[in-house]
Amino acid sequence: MRQAEPSSFVSGDVVAISSGYMHHALLKRDGSLWMWGRQLCGEFGNGSTTASVQPVKVMDGVKSVSCGLQTTAIVKQDGTLWMCGRNDFGQIDESHEVKRQFVKVAEGVLEAKLGYGFLKTEKADGTTETLTWDADIDAQRKPTATGDGIPTEQMAVEYGWKNAVALGKDGSVWTWGDATDDGIASTTPTKVIEGRVSSELTGITAGNQTISINIGAKAVLTALPNPLNADYKSLTWTNGNDDVVVVNSRGVVTGMAKGTSTVTAEITSGNKSFSQTYTIVVGNGLLKGDINNDGKVDVSDYIGVANHILGQTQAGFNEEAADVNEDGKIDVSDYIGIANIILTSSVYGK
């Protein structure tokens, strides 16, 4: 088949695509299903086996589409599952006859994923069902032994044509089936990637527990399980004062108003729980002592405060910055405070 030219009928309204062995599908926002490619087994579901290099409209009212090995599965907007195409292994029904028209397979389906050797459906009642086909191939695809402690009840399994791959809860990867060069099937799962070695949670490790930020600024609080490879169920953050700071689920705090708040991290594992509290100080962004707003505290600020105390306030005098000790008045103690800032090169009360 020659390469298809771009179709002008699509104007940014495609919401889903799927590709099978040699056939392809797209779903438009209006629920219309369009297909193109080869259809040796009636993969379009339009009663034909004629190939098309351009998408052809198949039907309306479709919610999702998934293409497999010369078979197509769709879920309609009413929650019914329909399939067409190859059926020699009982992919669609037990007739084992090719279906060139879509036939209704099930009701109450939210989502369907079709692979080369499996059909996985998510049901409206919250259950998930995986169908694989052909007894000979199933014997290769489905493990008859658990291998080296394969945690079958804690795994996510995906089926290929004559094989399968599984992901363990610990991050380990397992494979089995007809995957060898000599074609000999192995029904015993083989671990190909080691999983994470975990330990029992014994505590929580915190980073800097006192954080100073300005209004509008952000900071990331650090909280880690102790030891680092410990299993845990959840890590949550609670805030003591939403008016001063806000904190999200990842421990990022944002300064909202001048003041102080406490944020607590809690990590849990089973019936164990550990917590750590952080103190967040939010400032207004002022550089204390910078009474002329030039970004530094120097002799000119020292002289400016002295003149202010003597009753000779200069233009642009920043009274809030001049009140170094934040006692509500500008006096000799602030004069001395600015002198100390200059002598120590510190930023007092920022």
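Trp237 counts as buried, at 12% relative accessibility. Buried means under 20% relative accessible area, exposed means over 50%, and partly exposed lies in between (1.4 Å probe, protein chains only). Tyr278 is buried too, at 0% relative accessibility.

The model is predicted: local features need pLDDT of at least 70, side-chain atom pairs count only at pLDDT 80 or more, and totals for chains, interfaces and linings use all residues. Residues are numbered from 1 along each chain as its sequence is written, and side-chain values use heavy atoms, with hydrogens and water left out.

**Aromatic pairs**

How many aromatic pairs does the count come to? The count comes to 2. Rings of Phe, Tyr and Trp (its six-membered ring) pair if their centres lie within 6.5 Å; planes under 30 degrees apart count as stacked, over 60 as edge-to-face and the rest as tilted.

| Pair | Centre to centre | Angle between planes | Type |
|---|---|---|---|
| Trp237 and Tyr278 | 5.9 Å | 40 degrees | tilted |
| Tyr302 and Tyr335 | 4.4 Å | 20 degrees | stacked |

The pair of Trp237 and Tyr278 links distant parts of the chain. Trp237 sits in strand β20 (residues 234-239) and Tyr278 in strand β24 (residues 272-283), 41 residues apart. Helices (H or I, at least four residues) and strands (E, at least two) are DSSP runs, numbered from the N terminus.

The rings of Tyr302 and Tyr335 have their planes at 20 degrees, so this pair is stacked. It also links distant parts of the chain: Tyr302 is in helix α2 (residues 299-309), Tyr335 is in helix α4 (residues 332-344), and 33 residues separate them. Tyr302 is partly exposed, with a relative accessible area of 26%. Tyr335 is partly exposed at 25%.

Lys76 lies over the face of Trp82, 3.9 Å from the ring centre. The rule asks for NZ of Lys or CZ of Arg within 6 Å of the ring centre and within 35 degrees of the ring normal.

**The chain as a whole**

The chain has 4 helices and 24 strands. Of its 350 residues, 38% are buried. Among contacts with a separation of 6 or more, 47% join residues 24 or more positions apart. A contact means heavy atoms within 4.5 Å.

Asn214 and Gly283 are 69 residues apart in sequence, but 4.5 Å apart in space, C-alpha to C-alpha. Asn214 is partly exposed, with a relative accessible area of 24%.

**Backbone exceptions**

Most residues other than glycine have a negative phi, and most peptide bonds are trans. The peptide bond from Asn226 to Pro227 is cis, with omega near 0 degrees. Pro227 is in the loop between β19 (223-226) and β20.

Gln70 has a positive phi, near 60 degrees. Gln70 lies in the loop between β5 (62-67) and β6 (71-76). Is Gln70 buried or exposed? Gln70 is buried, with a relative accessible area of 9%.

Glu326 also has a positive phi, about 55 degrees, although it is not a glycine. Glu326 is in the loop between α3 (319-322) and α4. Glu326 counts as partly exposed, at 45% relative accessibility.
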